[in-house]
2 protein chains.
Amino acid sequence: MNLLADQHLNEPLLDHREGQLFLTEAFKVILEEVLCKGTDVNEKVCEWREPEELATLLDLELREYGEQQYQLLQRVRDVAKYSVKTNHPRFFNQLFAGVDYHALTGRFLTEALNTSQYTYEVAPVFVLMEDEVLSKLRSLVGWAQGDGIFCPGGTMSNMYAMNLARYRAFPEVKLKGQWALPRLAVFTSQESHYSVMKAAAFQGIGTENVFKVNVDDRGCMMTDDLSEKIELAKSQGAVPFLVHATSGTTVQGAFDPLEPIADICDRQGLWMHVDAAWGGSVLFSKEHRHLMRGVERWESGACSGIQLLECNFDLLKRCHSADATYLFQQDKFYDMSLDTGDKSIQCGRKVDCLKLWLMWKAVGSQGLEERVDRAFAHTRYLVEKMMKREGFQLIGKPEFVNVCFWFIPPSLRGKENSPDYQDRLSKVAPVIKERMIKQGTMMVGYQPLGGRVNFFRMIVISPQLSYQDMTFFLDEIERLGNNL
Amino acid sequence: MNLLADQHLNEPLLDHREGQLFLTEAFKVILEEVLCKGTDVNEKVCEWREPEELATLLDLELREYGEQQYQLLQRVRDVAKYSVKTNHPRFFNQLFAGVDYHALTGRFLTEALNTSQYTYEVAPVFVLMEDEVLSKLRSLVGWAQGDGIFCPGGTMSNMYAMNLARYRAFPEVKLKGQWALPRLAVFTSQESHYSVMKAAAFQGIGTENVFKVNVDDRGCMMTDDLSEKIELAKSQGAVPFLVHATSGTTVQGAFDPLEPIADICDRQGLWMHVDAAWGGSVLFSKEHRHLMRGVERWESGACSGIQLLECNFDLLKRCHSADATYLFQQDKFYDMSLDTGDKSIQCGRKVDCLKLWLMWKAVGSQGLEERVDRAFAHTRYLVEKMMKREGFQLIGKPEFVNVCFWFIPPSLRGKENSPDYQDRLSKVAPVIKERMIKQGTMMVGYQPLGGRVNFFRMIVISPQLSYQDMTFFLDEIERLGNNL
């Protein structure tokens, strides 16, 4: 090694001062583009470009040599500019919306601290914090004890539950695999989240062993049919082990009736999992928590936008542990039960508790309750207005904050009995959607469901919403669809 | 609804100005505590507290009412203060270290934009960007085409691979489940990551169907034994389908010999997955990529700290799709092949490509190569110094940037043949570790492995490292352990 190379290697590759300056400048861009302009009703929700044009605008190619700081700052600005503003008050497209500045602060801090939540050694604050948040959520459910874990999304929570339920019924599965087990059967409603099917495929259970239980008009599981499907599965030689109920379905926002489902699970010895990844926030509200009556009888639940799994058995560790000796040394100098990482299936695990904890500290349980109650009140308001306007036809009265409706353009009104009505109606939502995205005025989703042709699903949850936004929404649907 | 309540409901719940002010103040705290003090060698790596004391200091309890902004800012400061400084130049404890300001900017922007990467509609920039990053990485592997996806961690990548390999061998598994398949067999080295066992348990394959292949002293898979284990599995009636090779094992940093493993996989018709979640960065280096010779013959690979899965078949979608109609409408106005979400098992999926893309844009392929080469050079330097110091005994010569060694305190030197030597040596690392954490001077991991008692594993990857940090490391181990 020559002296020059040697000196070169002794200099850190990274200039902290320059790096921090860049981060500070980029923070200003984020503040300006994403948080100021991105939440301003006078600005667009999205800046639509055709894929080829966008690829060119962004100059995505990764090259041999790096770029100057000013060029990189422009890239930050461009990424922000052409991304969808999900914080915008007129973004109604997904089951998330709006910005919470305390939660966002928690997320920035999480990213800056960049740790992995497996041991007390590397994540002391977050091991204790996760425990506090989980136990607080357990008390909302009505449990004095239990176990839980934050998950990277609702799908993973559902997968955890499927694995736990299978493990309780057949502990030998961990060692021997599904191969040594009988054919299993899972039960879930026709309108449950598609991750149940993904989980069944991924975990070796098989999608044809997911029995879809009929729903009523609102999208709630029909318990008579649940009993019948359980008998059907048994008659085919399959062994039922899990009922996957939903509190807040993806499209209609329906709540399965937990009490009668729990009764059936008790009688049949089945694990009741409640997927409340969408609807779980009602537990914060004294007025609305009745929607989840019976929740305390679940064996496991995926709760709220928070994405976590609560389980009332001490199974997480036994079911998931692999005892890596380089992480979970048994000769540590502190209480090794604080090394909670082996409960997870991810091993290295991102910190998910801080954003929720900081938001909760900021607004209190009372503030969270207010948000839930307001979302219901706003939904009620929107529904009332919608019922008074010609051309808006609700798909039932919302149980939650999903408002599902058809917009019937003038040319189709009164033509319900014409033979091509359904076909023509099915083409309305896609055209309105295309127009709104290309103009960037707002975003809302649509889909067909069961026998119903394409209808809109409007989501009313952002804490930024005002009545004006809802009036705008109705006016805008009319403006975009009136000539169809 | 009375007028007062009505007015109240018309006001957005959130004050953007106040929120942005808080975020800006918190950003300053993050800059100061996490990025300035947290990377300063004159400051501690960790601020150890016993769990009970820490819980009290942090006042974790979540209450009915929210707190003032100044209190919340203090909480941000406290969380930073008591968290481990993983960006600190003397954090050698995990397989991650150091801060990259462009990557961190990408992460902040990702969090602020808060989207989910399933459709072009809600994530236009990131759909195109992920595609560019994946195709660039494929060209590093030596592929002209293929498919891929970013994953939330190396464990998930391994799980994806297990599912793809099983699906290729038995496509009926998706529908019917593992129950309808014969007993399967997976092969991996004794020193591969523990997520292989977790995956086998989680995906219904069973941990006893993971055949652990013997390794040589360095930790590399022995291919003779691989062939024998395959025959053993067959003789037990199991059907081999997957060889899980490792490029960069967790403890020793060993690289399995990919060419001969690929030959065996070819002959036996097995899927070769390469878990390069740790060692994959060598592909950036002309000097070191030979460690992964044969990589282009993999069927799938989890590559680098980046955590993604590359797959040379068009299987991702067929294997994982569930066709949710509310997301993947078939009547959209743009090219629906851009809605890549159904390839994933997570459904809602965090954006993972931006941080890597921005860092790559900032330093270029050449800059990434330099980082890899420097880490190797620093490792060589540390090893040379270590060999010259009494009391440091290497566990073989490192293939990668993991430096594994015993520290032999003066009282044990020359006592190798005494009957309690191994027992006494095994107690050295835990005591040194306890002392370093309580004093907060640095962090490094230890573990037993195979027949070897507790030894240290020092990781040399941070771009911030200088020779001084390595000299400090050696001095500090001596200081903490010399009286043992």
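This is a predicted model: local features need pLDDT of at least 70, side-chain atom pairs count only at pLDDT 80 or more; totals for chains, interfaces and linings use all residues.
Local features need pLDDT of at least 70 and side-chain atom pairs count only at pLDDT 80 or more, while totals for chains, interfaces and linings use all residues. Residues are numbered from 1 along each chain as its sequence is written, chains are lettered from A in the order in which they are written, and side-chain values use heavy atoms, without hydrogens and water.

**Interface of chain B and chain A**

- Chain B and chain A each bring 165 residues to their contact (heavy atoms within 4.5 Å).
- About 15,200 Å² is buried between the two chains, and carbon and sulfur atoms give 64% of this area; buried area is the accessible area (1.4 Å probe) that two parts lose on being put together, summed over both.
- B:Leu62, B:Phe202 and B:Phe333 supply 6% of the area that chain B buries against chain A, more than any other three residues.
- There are 12 salt bridges between chain B and chain A (a side-chain nitrogen of Lys or Arg within 4 Å of a carboxyl oxygen of Asp or Glu).
- A salt bridge joins the side chains of B:Glu208 and A:Lys176, at 3.2 Å from N to O.
- Helix 13 of chain B, residues 353–388, gives the most to the side of chain B that touches chain A, with 16 residues; helices are DSSP runs (H or I, at least four residues), numbered from the N terminus.

**Helix packing in chain A**

- Helix 5 (residues 101–113) and helix 13 (residues 353–388) of chain A pack at an angle of about 145°, with axes 7 Å apart; axes are lines fitted to C-alpha atoms over the stretch in contact, and angles run from 0 to 180 degrees between N-to-C directions.
- Residues making this contact include A:His102 and A:Leu109 of helix 5 and A:Leu354 and A:Met359 of helix 13.

**Salt bridges in the whole structure**

- Over all chains, the search finds 78 salt bridges.
- A:Arg77 forms a salt bridge with A:Glu32, with the closest N and O atoms 3.4 Å apart.
- Because A:Arg77 lies in helix 4 and A:Glu32 in helix 2 of chain A, the pair ties together parts that are 45 residues apart in sequence.

Conventions: Helices (H or I, at least four residues) and strands (E, at least two) are DSSP runs, numbered from the N terminus.
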